[in-house]
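This report describes a protein structure for a reader who is new to the subject. Please keep the sequence and the structure in view while reading.

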Amino acid sequence: MQFVKYFSLPSDRMILFYNFYRFKDLAIIDYSTVGHGVTNLGEIPYLIKEEKYCDIYSLALNENDIALGSFKKLEDVVKEVIEKEKVDDILVLPSAFSEVLGIDVKAFAMSLALKYQKNIFSVPSKLKNSFYDGEINFYNSLKRFITTSNVKSNSFNIIGDTYSDFNLLKHDYLIKRISKKYNLVLNKDILKVKSIKELGVLSKASLNICTSESSKSLCEYMKEKIHIDYIDGRGELVSLINLKIKEKGDDIVIYSNIDDLILFKKYFEKKHIDNITYILNHPYKGEFDYIETNDFVERFKNSNSLILSFNDIKDYFSNFISINSFNSEFDSKIDLFD
């Protein structure tokens, strides 16, 4: 499909913004033009009902900046941010603009970090990247904030997912379950960490609970560098699923991200239900095929199959269940998935 007809998923840049936005001691500079910024604050309460807005910065590049180079404007904004915000950590968020023109935002950030002796950094973002690439790059970028600690408490961290009310509830469930099962107390839930400096405390746990493919690299890094082992926590969520579907009947098509597909595959295998088609809504190497969202709707909108997917595309199917509505306890607390 050559145009967006049904639904457009978030970009990697949007996911990076949603996840970094919650760190109140981090300044974000959007390397972009006027009107092109990713800072769509209207989307924030859609994901987090009680999130409080805070200021972020945009370069507001114009034609002269493009023609003559934009490094000076970036440095001017960095100086203003350091003086006004008194922060040590600054994220320079790349954009489609910098990607198309081939501007090395990472190199700019590194140069300014050396000059001002601040942690000024950027994160990879490409035009072809999916929302899940954004989540992967977010967790990879957190490695710089993990410090070594010789003090290990009898506790665990929950690490994974994108910042949202739904995932916070999911993590709350895991916290209760892991605490009881392993006789450990919670050290940190990474989705509830609101400060960059607070990330250093992650190193004091004795176990990490990985909740998404996107955070595996960070968990593996912590295992190698500071000897904190990790386990996959998604299996603990299988008992939460309570779908009212027939074990025999229409075929079922699941269309979602890699974590949902892994989780529901465990569930259906446990139920010995095998008439399932698993399809990714983002590119990812592995056993599942990927179909772009608009092509997926075109392919299945007249199908008799039961579609299990994200709520935003439900109106295009006659037989549909929201993949995030697998548990009534979650449903009752989040209007988005009612």
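**Basis of the report**

This is a predicted model, in which local features need pLDDT of at least 70 and side-chain atom pairs count only at pLDDT 80 or more, whereas totals for chains, interfaces and linings use all residues. Residues are numbered from 1 along each chain as its sequence is written, and side-chain values use heavy atoms, with hydrogens and water left out.

**The chain as a whole**

The protein chain contains twelve helices and 13 strands. Helices (H or I, at least four residues) and strands (E, at least two) are DSSP runs numbered from the N terminus. Of the 338 residues in the protein chain, 52% are buried; buried means under 20% relative accessible area, exposed means over 50%, and partly exposed lies in between, with a 1.4 Å probe and protein chains only. Among contacts (heavy atoms within 4.5 Å) with a separation of 6 or more, 70% come from residues 24 or more positions apart.

**A parallel sheet and its helices**

Five strands, in the order 11-10-9-12-13, form an open sheet with parallel pairing. Its edges are strand 11 (289-290) and strand 13 (320-322), each of which pairs on one side only. Two strands pair if DSSP finds at least two bridges between them. Strand 9 (residues 252-256) and strand 10 (residues 276-280) run parallel and are joined by five bridges. Within strand 10, Ile279 is the bridge partner of Tyr255. Helix 10 (residues 258-270) packs on the sheet and touches strand 9, strand 10 and strand 12 (306-309); the direction of helix 10 makes about 165° with that of strand 10. Helix 11 (residues 293-300) also lies across strand 9, strand 10 and strand 12, and runs at about 165° to strand 9. For these angles, axes are lines fitted to C-alpha atoms, for helices over the stretch in contact, and the values run from 0 to 180 degrees between N-to-C directions.

**Buried polar and charged residues**

Asp89 belongs to strand 3 (residues 89-93). Asp89 is buried but has no salt bridge, and Lys197, the nearest side chain of opposite charge, is 4.2 Å away. A salt bridge requires a side-chain nitrogen of Lys or Arg within 4 Å of a carboxyl oxygen of Asp or Glu. In assigning charge, Lys and Arg count as positive and Asp and Glu as negative, while His and the chain ends are not counted. The side chains of Asp89 and Asn119 are joined by a polar contact of 2.9 Å. A polar contact is a pair of N or O atoms within 3.5 Å; within protein, one must be able to donate a hydrogen and the other to accept it, and residues adjacent in sequence count only if both atoms are side-chain atoms.

Asn129 lies in the loop between strand 4 (119-122) and helix 7 (131-141). Asn129 counts as buried because its relative accessible area is 16%. A polar contact of 3.2 Å links the side chains of Asn129 and Asp12.

Asp30, in strand 1 (residues 26-30), is buried with a relative accessible area of 1%.
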